[in-house]
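The stops below are given in the order in which to select them.

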Amino acid sequence: MADSAGIQQGSPAIGAAGLVPAAPGAGGTEGSGAAGGSARIAVKKAQLRSSPRPKKLEKLGVYSSCKAEGACKCNGWKSQNPPPTPPRTDQQSSAVNLQEPCRSCSHTLGDHVTHLENVSEEEMNRLLGIVLDVEYLYTCVHKEEDADTKQVYFSLFKLLRKSILQMGKPMLEAQESPPFEKPSIEQGVNNFVQYKFSHLPSKERQTIMELAKMFLNQINYWQLETPSQRRQRVPNDDAAGYKANYTRWLCYCNVPQFCDSLPRYETTQIFGRTLLRSVFTVMRKQLLEQARQEKDKLPPEKRTLILTHFPKFLSMLEEEVYSHSSPIWSQDFLAGASGGQIPIHTGYSHPRRHTLQANSCFFLNRYFLLCPCIIVGEKRKPSEPLPHEENKRPRVVGDIPMDLINEVMATITDPAAIPETSLLSAHSARDEAARLEERRGVIEFHVIGNSLNQKPNKRILMWLVGLQNVFSHQLPRMPKEYITRLVFDPKHKTLSLIKDGRVIGGICFRMFPSQGFTEIVFCAVTSNEQVKGYGTHLMNHLKEYHIKHEILNFLTYADEYAIGYFKKQGFSKDIKVPKAKYVGYIKDYEGATLMGCELNPSIPYTEFSVIIKKQKEIIKKLIERKQAQIRKVYPGLSCFKEGVRQIPIESIPGIRTCGTNTHTYIHSNCNTYTHFILTRLPVKKTEAPGYYQVIRFPMDLKTMSERLKSRYYTTRKLFMADMQRIFTNCREYNPPESEYYKCANLLEKFFYTKIKEAGLIEK
């Protein structure tokens with residue numbers, strides 16, 4: 001185990017064997033390593049299963065209960081506590097025969113196997129496999145030094161012994177069965193890839209998928225440190241929780257790799273975020289350290305991927321693993337526009353497939369070199385459903401078929417089908433140029449600040465001076481001394497925009513975590529670098545930085561020149577933060593407007609414009625397809641030449657099939673029947689004295705006509721409520737015997753007759 005020689009605490013158990021974890025109790029050092037131990041077990045089982053039937057019965061007789069008369073209670077090798085030395089099974093199997101007396105009772109071993117006379121060869125071979133697993137676990141119990149691990153091995157040893165006696169299948173008795181946490185590690189990494197990288201071109205996205213597969217593969221082979229080792233390293237951690245997960249990992253993932261009579265599961269499929277948090281930091285450090293040490297042994301074409309892209313991938317994943325608000329761990333996580341997840345499969349069927357040559361030096365190198373040989377999960381066929389589809393939300397009537405969505409997605413991601421949008425195009429996003437420059441490494445973003453506790457960093461101090469100069473030039477109304485004091489104040493931080501090693505812009509801010517908001521103090525980009533989308537991209541980076549730090553509100557005082565910029569970035573004068581939270585904390589500026597912005601932790605702000613652009617393209621393509629299906633030219637209406645003054649809208653050929661939405665249909669119908677009734681102006685005070693004292697909510701047809709033009713009536717109920725108000729007001733102001741009262745009743749009846757004919761309400 002991890003505390004034996006040759007295996008570091010929490011290390012990947014690659015040792016000399018490569019590709020497989022250390023065998024239980026062997027520490028990865030026995031014989032030719034873990035792979036050799038696993039291979040020897042497999043060879044032993046194959047030899048025993050090919051032996052003559054009498055030899056098989058002799059082997060099973062040692063572990064079976066006595067069936068002799070006299071109610072013998074002998075269970076074969078029945079010691080509850082294993083003797084100080086393990087049995088020499090190789091010599092025992094050749095020396096024992098069925099006529100020999102049992103060592104625990106006076107009956108022959110033949111009396112122990114009378115129940116196996118009519119058992120099939122397949123069932124006997126299964127029992128023999130359990131016997132060899134029992135002997136292997138017996139050895140593990142004696143070699144293991146860690147008390148917690150030894151206890152698990154002994155429990156599994158007794159479980160397998162019981163399965164032989166009862167001729168049943170080993171079933172682990174636990175309060176919970178796999179999976180132990182949802183979403184699983186594999187699902188979380190799938191969500192992470194979809195959440196952070198779905199916007200990338202297919203080639204780059206494929207690279208990320210390979211890194212994700214490689215990472216999941218390593219977790220499945222990771223040798224967890226024992227609970228006692230973890231207590232020494234992290235004394236304040238949840239010891240009970242880790243011990244429970246460690247026990248589950250041994251029973252369901254680690255031991256079954258060598259004892260195949262036990263059901264085996266992948267670590268990444270039955271464990272979730274809790275286990276990943278407990279191993280991620282140590283795992284990341286050791287993997288990257290080993291990569292740096294053995295970089296010269298990597299093939300040149302893989303060196304950049306492993307030494308550059310993999311560390312960045314792990315850093316981004318680490319933020320999501322330890323963030324309390326990361327959406328990738330939500331069971332309601334929605335996949336990207338394609339409607340599906342990126343399939344990352346890491347499962348394998350049997351440890352014997354790891355009997356490849358174990359002379360590769362580094363796991364990443366091996367992973368890419370052996371990819372054609374080692375199939376890490378089968379590829380899903382296009383016709384097969386995605387693994388998570390059964391958990392998706394129920395389809396809504398009118399939903400667009402998923403195959404149509406996928407077809408459209410294929411066209412908008414195909415460079416040949418849709419050319420790249422020009423940066424000067426009116427359709428390009430404000431931050432598109434800045435985003436491309438960041439991807440090419442032209443610009444960088446860094447959150448920096450002054451510190452009184454750490455040794456000054458020359459580069460950071462130079463950047464702070466540069467920020468002070470940019471703010472002073474771009475904000476001439478602000479005193480230079482005031483800007484300098486805040487930029488160098490340790491309580492303030494600045495998101496700096498660096499281009500060619502110099503500062504060209506930044507956002508200075510102060511975080512108030514206890515109050516739940518951040519105050520933006522200065523925001524500026526140098527004049528000769530403006531109108532390039534840098535300001536928008538700066539703000540988007542600042543939003544993502546605060547989401548990671550779980551602060552979801554911005555406040556700022558904007559002058560008349562900055563209000564437009566902040567409105568474009570999602571700020572408004574409607575402040576969501578309670579006044580008691582920020583009064584006395586933020587600085588007041590005379591003549592400025594207080595604005596606020598509420599962040600949504602589910603939005604990747606730096607890629608938001610790309611996502612919106614894709615959605616627009618999808619809708620555009622769907623509309624084009626729909627129009628191509630229904631486009632038909634109808635002849636003009638001739639009924640008006642014959643004296644007809646008006647007809648129902650729905651009777652016009654093509655109206656029902658043209659795909660007109662409900663809003664337009666309601667608008668057209670309401671418009672027709674408003675003019676069909678009459679045109680009436682609002683009531684004048686001179687014509688009806690005291691009218692507005694009696695009628696608190698006046699309504700008239702002119703007002704309704706104006707509301708129709710402005711498309712105020714988005715539902716039928718709004719239109720009918722205003723019309724009903726006219727009738728109600730008329731009856732309320734006029735006496736029942738008046739002509740006006742009677743006309744209101746007649747008009748109301750006529751109105752409802754017409755809207756029933758139009759189908760706006762049920763008849």
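Searching the whole structure gives 30 aromatic pairs. Rings of Phe, Tyr and Trp (its six-membered ring) pair if their centres lie within 6.5 Å; planes under 30 degrees apart count as stacked, over 60 as edge-to-face and the rest as tilted. The model is a predicted one, in which local features need pLDDT of at least 70 and side-chain atom pairs count only at pLDDT 80 or more, while totals for chains, interfaces and linings use all residues. Residues are numbered from 1 along each chain as its sequence is written, and side-chain values use heavy atoms, with hydrogens and water left out.

**Stop 1: two tilted ring pairs**

Select tyrosine 138 and phenylalanine 157. Their ring centres are 5.9 Å apart and the planes stand at 45°, so this pair is tilted. Tyrosine 138 belongs to helix H4 (residues 121-143) and phenylalanine 157 to helix H5 (residues 147-166), so the pair ties together parts 19 residues apart in sequence. Helices (H or I, at least four residues) and strands (E, at least two) are DSSP runs, numbered from the N terminus. Tyrosine 138 is buried at a relative accessible area of 1%, and phenylalanine 157 is buried at 4%. Here buried means under 20% relative accessible area, exposed over 50%, and partly exposed in between (1.4 Å probe, protein chains only).

Next, select phenylalanine 180 and phenylalanine 271. With ring centres 5.4 Å apart and planes at 40°, this pair is tilted. It links distant parts of the chain, 91 residues apart: phenylalanine 180 is in the loop between H5 and helix H6 (185-197), and phenylalanine 271 is in the loop between helix H10 (267-270) and helix H11 (273-293). Both phenylalanine 180 and phenylalanine 271 are buried.

**Stop 2: charges over rings, and a cluster**

The criterion is NZ of Lys or CZ of Arg within 6 Å of the ring centre and within 35 degrees of the ring normal. Arginine 230 lies over the face of tyrosine 242, 4.8 Å from the ring centre.

Then select Tyr712, Tyr713, Phe719, Phe727, Phe751 and Tyr752, which ring pairs link into a cluster.

**Stop 3: the annotated position**

Which residue does UniProt mark as "active site"? The feature, from an unreviewed entry, is placed at Glu519. UniProt positions are given in the numbering used here, feature names are shortened, and annotations may be inferred rather than shown by experiment. Glutamate 519 is in strand S4 (residues 517-525) and is buried, at 2% relative accessibility. Leaving aside residues up to four places away in sequence, glutamate 519 touches Cys508, Phe509, Arg510, Phe512, Leu555, Tyr585, Ile586, Lys587 and Tyr589. A contact means heavy atoms within 4.5 Å.

**Stop 4**

In helix H15 (residues 432-440), select Glu432, Ala434, Arg435 and Glu437, which are buried. Glycine 441 follows H15 and has a positive phi, near 85°.

Lysine 213 is in helix H7 (residues 202-220) and is buried, with a relative accessible area of 16%. The C-alpha atoms of lysine 213 and valine 189 are separated by 9.1 Å, the two residues being 24 apart along the chain.

**Stop 5: confidence**

Colour by pLDDT, the predictor's confidence in each residue, from 0 to 100. The protein averages 75, and 75% of the residues score at least 70. Among its elements, strand S3 (residues 502-512) has the highest mean pLDDT (95) and helix H13 (residues 363-369) the lowest (39). Residues 417-427 have pLDDT below 50, and this stretch has 15 contacts in the model beyond near neighbours in sequence. Over residues 672-679 pLDDT stays under 50, with 17 contacts beyond four places in sequence.
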